[in-house]
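Subject: Structure handover

Hello,

Here is the structure for your files. My notes on it follow below.

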Amino acid sequence: MPRINTAFARLSPSYLFSEIASRVRAAQEGHPERPVISLGIGDVSQPLVPAVLEALHKATDEMGSAATFRGYGPEQGYAFLREAILAHDFTARGIALDADEIFISDGAKSDIGNFQELFAQDAVIAVTDPVYPVYVDSNAMSDRCGECADGRWSRILYLPCTAENGFEPDLPDGRPDVIYLCSPNNPTGTVLSRKALERWVDYARENEAFILFDAAYESFIADPGQPRSIYEIEGADEVAVEFRSFSKTAGFTGLRCGYAVVPRKLKAPAGSGMMSLHDMWFRRQSTKYNGCPYIVQRAAEAVFSPAGQAQIGHVLNIYRSTAAVMRQRLAAMGLRVFGGVHSPYVWVQTPGGMKSWDLFDLLLHEAAVVCTPGSGFGASGEGYVRMTAFNSRENTLAALERMSAVL
Ligand SMILES: *Cc1c(COP(=O)(O)O)cnc(C)c1O
């Protein structure tokens with residue numbers, strides 16, 4: 001028999017969203033007269049903005065003419081987009097990077113999932129708990145995590161993030177090689193302060209660890225004093241890779257474009273010398289990836305135009321104001337509410353120590369409202385549920401009304 005990667009057999013089944021879907025289906029069939037409203041949506045709902053559409057149309061037309069047709073592009077992305085990202089996201093915020101330290105891709109999920117290939121098989125990873133499952137599962141597929149019991153892998157260091165520590169994880173007890181951080185966070189909707197980020201960068205420098213920083217939600221940060229990139233922290237360019245995406249920023253979840261920042265200063269021992277993570281990622285991408293489509297990169301470039309910025313700013317404000325209403329109404333129901341200020345996610349503590357799934361069932365059956373049980377994101381998510389600001393204002397207000405009648 002051919003030998004397969006048996007690490008796949010040890011993956012915990014990802015049943016969270018299918019379990020939710022089947023409970024919702026059953027509830028809806030029992031009460032067809034009252035349509036269920038979902039506050040569990042993890043995808044954007046506003047359409048692409050006009051500046052992006054215009055760029056897509058124009059680039060599409062270029063593909064139909066011999067003079068302007070583009071075939072294979074550079075695997076790392078076109079210079080026009082790397083330069084636009086550099087100028088807008090980094091240089092404008094006083095961060096010194098080079099355009100060739102920015103690698104364009106089809107999204108942050110692939111980059112985050114693929115990046116672990118650069119680390120040794122026995123590298124130890126640390127993740128915050130609750131967690132975006134991609135960090136854990138991509139390492140588990142590479143057989144780096146040991147055995148899984150009760151949803152916990154024996155070789156992963158888990159860093160609990162709860163109301164008790166203000167969702168700022170303590171430094172690990174063990175010795176990680178790679179630390180995954182996500183801020184603004186999915187699922188908790190909370191942000192790491194500048195101080196917390198400084199602590200992590202100092203820790204990584206002192207302990208020779210790398211930080212993989214997921215900034216997919218940076219554009220939701222409303223406070224200009226709050227760092228939007230880990231490179232706003234002194235020394236981060238020696239230890240951190242940053243992942244970004246146009247998905248949540250500009251509604252590209254279906255169009256697909258993201259980027260990874262891999263500074264040249266990131267180095268680790270290999271044999272008698274040092275190897276650059278930048279060179280490794282360059283080699284990895286050139287070998288296994290043929291680049292984000294030209295028309296999509298033109299669409300992404302348009303996000304940075306003055307019109308594009310104004311238009312996506314408007315869309316982001318729609319989500320932000322929905323999140324603000326959610327926070328306010330949920331708190332008025334007597335619930336403890338976190339996140340939702342610099343994020344489309346609101347993290348709600350269950351009342352009276354209820355289990356996450358019990359509150360889920362209560363809201364589904366009594367209010368016909370869907371949320372996401374926090375325990376589905378990790379052990380420390382027990383006792384919370386996630387609600388998102390991606391549904392329409394009208395539906396969200398109706399859901400809140402129904403909930404206040406129940407809680
Ligand atoms: C949505 C999301 C991403 C972005 O994924 P894409 O592949 O770029 O769509 C990355 N990280 C987290 C935590 C997310 O929620």
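Strand 11 contributes 4 residues to the lining of the second largest pocket, the most of any element. Helices (H or I, at least four residues) and strands (E, at least two) are DSSP runs, numbered from the N terminus. A pocket here is an open set of points on a 1 Å grid over the protein atoms alone, where a 1.4 Å probe fits, with protein on both sides within 12 Å along at least five of seven lines; lining residues have an atom within 4 Å of a point.

This is a predicted model: local features need pLDDT of at least 70, and side-chain atom pairs count only at pLDDT 80 or more, while totals for chains, interfaces and linings use all residues. Residues are numbered from 1 along each chain as its sequence is written, and side-chain values use heavy atoms, with hydrogens and water left out.

Second largest pocket

The lining has 23 residues, and E208, F210, K267, A268 and P269 lie nearest the centre. Two or more lining residues come from each of helix 7 (194-207), strand 11 (267-270), strand 12 (273-276) and helix 9 (277-288). By class, 16 are nonpolar, 7 are charged and none is polar. Ala, Val, Leu, Ile, Met, Phe, Trp, Tyr, Cys and Pro count as nonpolar, Asp, Glu, Lys and Arg as charged, and the others, Gly among them, as polar.

Largest pocket

Of the 42 residues lining the largest pocket, V131, Y132, P133, V134 and G376 are the closest to its centre. Helix 6 gives the most to this lining, with 6 residues. The lining divides into 21 nonpolar, 12 polar and 9 charged residues. Domain 1 (6-47 + 307-406) and domain 2 (53-304) both supply lining residues, so the largest pocket lies between them. The domain bounds come from an automatic or database domain assignment.

Core

The largest nonpolar core has 61 residues, and F90, F246 and F252 have the most contacts inside it. Both domain 1 and domain 2 give residues to this core, so it lies between them. A nonpolar core is a set of buried Ala, Val, Leu, Ile, Met, Phe, Trp, Tyr and Cys residues joined through side-chain atoms within 4.5 Å. Buried means under 20% relative accessible area, exposed over 50%, and partly exposed in between (1.4 Å probe, protein chains only).

C182

C182 lies in strand 7 (residues 178-182). Its relative accessibility is 7%, so C182 counts as buried. Leaving out residues up to four places away in sequence, C182 touches Y135 and D214 (heavy atoms within 4.5 Å).

Regards
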